[in-house]
Amino acid sequence: MNIVFFTGSGISAESGLQTFRDADGYWNKYSVEDIATIEGFRRNRDLVNNFFNEYRTLIKNSQPNHAHKMVADFVNNSGHNCTVITQNVDDLFERAGVKDNDIYHLHGQITMAKTVNKGLTFHIGYDNIKTTDRGEDGSGLRPDIVFFGEMPHYLEEAAELISECDVLVVIGTSLQVYPAAGLIDLLQPRSRGIVLDPNCHELDLGSKWDKIAKKATEGIDDVIDLINI
Ligand code: APR
């Protein structure tokens, strides 16, 4: 079977990375406009680079949890044709064993930087970005994160994978950010949808979806059992 795992920040919550819109979420503490828009970056590069430097250090010091590991094991060993499509910029799936060819980061990766002028991207690992840094094109650097108002990466690939999958598993996303959230509407009537999220009953998903209202680490085994039925 073709299986897609479509994930958001909820899957990394139990690794100590806050989500964005829950009560203790980042966007309840920081202004999205200041931190995650190109206008905010132009107004105050230090503020944006420092936010993502702190976030990068938090990710460096975090560990993949049981949900990341179960997904990685399933992708690598189930014998199905599996892909992870994530809105997350952390590298916890890769550290759990998901190979680069099996994962698409729609909103960028925290371990990558981008030059301001030509958008040249390169790997920085967990290094900080300093506003005095210069890239190959002589311009300053920003995190290679998709800011609000910018186009996500791999939309075409993700659309094709989801419209052709037999099972779509949605884990830990509020499905509020478009165009990423719109991808799940491409699930075909013949295919199955499974959602794992403690608040999944608040999500606008049709009756055909299997809903598991649990935290990722508590419900991931149920998801795997459901796929194997
Ligand atoms: N396990 C599973 N799901 C969880 C858990 C958990 N332990 N804790 C919270 N959740 C769920 C919440 O119920 C919510 O549905 O995770 C979801 C988090 O939603 P958001 O905070 O909106 O995060 P996300 O959907 O990933 O945001 C999408 O918005 O801020 C931008 O670019 C950023 O990629 C991000 C995008």
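The largest pocket is lined by 50 residues, and Ser-9, Thr-19, Phe-20, Arg-21 and Ser-174 lie nearest its centre. The structure described here is a predicted model. The volume of the largest pocket is about 1000 Å³. Sorted by class, its lining comprises 25 nonpolar, 15 polar and 10 charged residues. Helix α3, which spans residues 45-60, supplies the largest share of this lining, with 3 residues.

The space taken by the ligand is this largest pocket. In total, 22 residues surround the ligand, the closest being Arg-21, Trp-27, Ser-174, Asp-197 and Asn-199. The shell around the ligand divides into 7 nonpolar, 10 polar and 5 charged residues.

A nitrogen atom of the ligand lies 3.4 Å from a backbone N or O atom of Gly-10. From a side chain, an N or O atom of Thr-173 is placed 2.7 Å from an oxygen atom of the ligand. Taken alone, the ligand exposes 730 Å², of which the protein buries 92%.

Notes:
Residues numbered from 1 in each chain as written. Predicted model: local features only at pLDDT ≥ 70, side-chain atom pairs only at ≥ 80, totals over all residues. Heavy atoms only, no water. Near = heavy atom within 4 Å. Polar contact = N/O pair within 3.5 Å; in protein donor to acceptor, adjacent residues only side chain to side chain. Areas by Shrake-Rupley, 256 points an atom, 1.4 Å probe, with all protein chains shown as cover. 1 Å grid on protein atoms, 1.4 Å probe; cavity = no way out; pocket = protein on both sides within 12 Å on 5 of 7 lines; lining within 4 Å. Sits in = over half its atoms within 2 Å of the grid points. Nonpolar A, V, L, I, M, F, W, Y, C, P; charged D, E, K, R; others polar. Points joined across faces, edges and corners; volume = space filled by probe spheres on them. Helix = DSSP H or I, 4+ residues; strand = E, 2+ residues; numbered from the N terminus.
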